[in-house]
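Thank you for making the time this morning. I would like to walk you through one structure, so please have the sequence and the coordinates open as I go.

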Amino acid sequence: MESPPESSSSSPVLLNIGGKRYATTVETLTQREPSSMLAAMFSGRHTLPRHPDTGMVFVDRDGKHFRHVLNWLRDGAVPDMSESEYQQLLREAEYYQLLGLADCINDRLGWKNDENFSEAELTRKDVIKCIQAPRVRFRGVNLSGLDLSKLDLSEVDFSYACIKNANFSSAYLRKAKFRLTEATCSSFQSANLHECELIGANLEGSVLDKANLQSANLQDACLKQCCFIETDLRSAHLQGANLMGANLSGANLEGANLKGAKLAGTNLECANLQRAYLREVDLRETHLTGAKLGGANLLGAIR
């Protein structure tokens, strides 16, 4: 069923955002941010597909933060949140092209950085000079906020370092060591982390979409609110890892060991969990729609 143009600005709109249902109006979606994707969708210029029974418009995004998007569009309000939650909301604002909301979040993150951010001890150029050596160690070094994207950092030792808000996107990090590293809100998008050691690392709120973490060791790591969309985690070691609220939709976890991992609120929709080890895992609050579980070891798992 396709929708006709909306009849008026007060017309009700029913939305399904990644499985979460919302009700609002055309006016709310179009007035505050007229240049946004949402304003364009409901401007009346486009014909939108709707569910034939409910009349809902489906948007394939994580629906958790969409209530904050609507509150911004209604009242211009942004709630107090943790830094990792602001990062997640910022991704949604950027997706919907809500420039005003994005600016507001960046201002908030700037305040937090002013209060908590300690300056990196090295620059990108310093790091590039260092990695020419045969054995490179940045153990305990503060590299917070550095852009280290696309560099060859294979086998580099970052253990105990502080790399908060650092950018490792598309970096080559095969067999690098991040033991007990503080890496909250960092980006490893599309990075090669094959066989990396991340035991006990804190990556809360980090982005690892489409990264290669095959055979990586993430035992006891804090991975709360991380994004692992379409990430390769085949044969990864995730025993005791905290994945609460993480998004692993479409991730490949074939043969991964998740014994004792915390998965409350974790999104594993359409993930490949074939032959994964899921003993002693509580799956009651885990989203598993479309997940492949063939051959998975679920002995002692709570479902």
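This is a predicted model: local features need pLDDT of at least 70, side-chain atom pairs count only at pLDDT 80 or more; totals for chains, interfaces and linings use all residues.

Before I place anything, a word on terms: helices here are DSSP runs of H or I with at least four residues, numbered from the N terminus. Leaving aside residues up to four places away in sequence, K262 touches A241, N242, L243 and M244, while its C-alpha atom is separated by 37 Å from that of P52, a residue 210 positions away along the chain.

Let me turn to the strands. Strand 1, residues 12-17, pairs with strand 2, residues 20-25, in the antiparallel sense over six bridges, and within that pairing L14 stands opposite A23. The hairpin they form has two residues between the strands, and there G18 adopts a positive phi near 60°. Strand 1 also pairs with strand 3, residues 57-59, this time in the parallel sense and over three bridges, with N16 standing opposite F58.

Finally, helix 3, which covers residues 66-75, has F66, H68, V69, L70, W72 and L73 as its buried residues. As background for reading that list, an α-helix has 3.6 residues a turn, so residues three or four places apart point the same way. After helix 3 comes G76, whose phi is positive, near 70°.

Definitions and conventions. Residues are numbered from 1 along each chain as its sequence is written. Side-chain values use heavy atoms; hydrogens and water are left out. Buried means under 20% relative accessible area, exposed over 50%, partly exposed in between (1.4 Å probe, protein chains only). Two strands pair if DSSP finds at least two bridges between them. Contact means heavy atoms within 4.5 Å.
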